[in-house]
Amino acid sequence: RLAHILFGDGKVIEVATFRRRPEPLDPEAPEILMTSDNVFGTAREDALRRDFTINGLFYNIADYSVIDYVGGLEDLDAGLVRTIGDPDIRFREDPVRMMRGVEFASRLGFAITPDAYEAILDHRKEIAKSAPPRVTEEISQSLRGGHALPTFLLLREVGLLDVLLPELATVLREIDPDHPHGTGHLFWALLDVLDAERRRGRAFDDAVLYSLFFLPVVRSRLRAMQLTGDPEPGRLATIIDDAVTPVAIRMSLPNAVSHRIKQALAIVGRLSHRPDNRTRRIAFREAFPVAFELFELNAMATGRGEELVREWREVEKRARRARESAPSLDAPRVPHRRRRRRGGRRRAIP
């Protein structure tokens with residue numbers, strides 16, 4: 001039950017009515033997954049149906065006061081992420097709440113209460129029942145919010161990463177030779193760099209953000225094949241497709257985004273070589289900006305390849321200028337007048 005408040009400048013604010021939880025279900029029932037809670041309620045009932053106490057606070061614009069029905073102010077001062085009600089029931093009702101709890105704790109530097117932490121461990125597999133777009137949106141918020149590293153470290157700690165992205169979770173247990181110090185995995189260094197860039201206000205295309213999940217998987221599979229030199233393009237395309245397609249479907253990624261991810265992963269390895277007359281042409285490809293940003297993040301995470309980043313950035317600038325100066329296909333064409341040969345036949349004027 002939502003209302004869209006329309007403003008003259010095209011701005012839209014979505015406002016929800018107060019809601020309450022549906023009739024209480026039997027906590028001993030095998031399935032209490034909540035699929036709809038569109039039931040009108042009071043302000044207090046609306047607060048009690050929310051996930052965590054720090055997310056159940058209301059602001060009263062009439063007297064500039066904070067209304068707290070759930071003890072959220074106390075938990076806010078204590079730095080605690082506490083569920084409203086029994087965490088076992090609340091997480092079974094809506095498993096995405098487990099991800100939200102991890103995200104709150106990571107973004108704010110708070111601690112999850114012991115009962116909620118144990119409930120996440122017990123019910124982590126329930127996240128597979130959630131709608132993929134909701135899960136993907138929670139992941140996106142972490143990647144865009146400048147706190148991806150602590151969020152994914154905590155997702156791994158509580159076992160949610162094994163359910164959400166098992167392909168990535170498996171690879172992260174391997175020794176990564178691409179890590180600059182030989183310990184840990186390069187994926188964590190990439191998230192650290194991403195967070196720093198986001199806090200500086202740098203924006204990234206969704207294809208760049210999601211490619212960070214697939215880059216370690218593709219690299220791991222290439223290492224397992226023990227190839228010498230760069231892989232043959234057709235073989236590389238097959239490896240990338242096998243790694244990206246199943247996860248993209250599971251996450252409900254738009255086709256355009258998954259296409260850019262595949263194309264970027266296919267060419268990012270070529271940026272580790274100095275640009276020459278043959279390789280400069282890849283700068284004109286649609287996915288080149290995504291591949292270049294991936295390569296730049298990799299260089300920042302490893303401390304290797306800064307000179308190549310500068311060279312490819314110049315190539316990208318020249319390619320962009322060339323595209324901008326090229327005549328548009330939509331531009332009106334100037335008609336070309338043929339010169340009539342002397343002695344040719346002339347049409348009679350009626």
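Visitor: Which helices are included in what covers the buried residues of H10?
Guide: This is a predicted model. Contact here means heavy atoms within 4.5 Å. The cover of the buried H10 residues includes helices H6 (132-144), H7 (148-157), H9 (166-171), H11 (206-225) and H14 (288-302).

Visitor: How many of the 14 residues of H10 are buried?
Guide: Buried means under 20% relative accessible area. Leu186, Phe187 and Trp188 are among the buried residues, and so are Asp195 and Glu197. H10 is largely enclosed by the rest of the structure, because the buried count is 10 of 14.

Visitor: What distance separates the end C-alpha atoms of H10?
Guide: H10 covers residues 186-199. At 1.5 Å a residue, its 14 residues should span 20 Å. The model agrees: the end C-alpha atoms are 20 Å apart.

Visitor: Which glycine follows H10?
Guide: Its phi is positive, near 95°. The residue is glycine 201.

Visitor: Is valine 66 buried, partly exposed or exposed?
Guide: Valine 66 sits in strand E4, residues 65-68. With Tyr59, Ile61, Tyr64, Leu73 and Leu76, Val66 makes a nonpolar surface patch of about 660 Å². Its relative accessible area is 44%, so valine 66 is partly exposed.

Terms used: Residues are numbered from 1 along each chain as its sequence is written. This is a predicted model: local features need pLDDT of at least 70, side-chain atom pairs count only at pLDDT 80 or more; totals for chains, interfaces and linings use all residues. Side-chain values use heavy atoms; hydrogens and water are left out. Patches are made of residues with over 30% relative accessible area and no salt bridge: like charges are joined within 9 Å, nonpolar side chains (Val, Leu, Ile, Met, Phe, Trp, Tyr) within 5 Å. Accessible areas come from the Shrake-Rupley method with a 1.4 Å probe; for residues, only the protein chains shown count as cover. A salt bridge is a side-chain nitrogen of Lys or Arg within 4 Å of a carboxyl oxygen of Asp or Glu. Helices (H or I, at least four residues) and strands (E, at least two) are DSSP runs, numbered from the N terminus. Buried means under 20% relative accessible area, exposed over 50%, partly exposed in between (1.4 Å probe, protein chains only). The expected span of a helix is 1.5 Å times one less than its number of residues.
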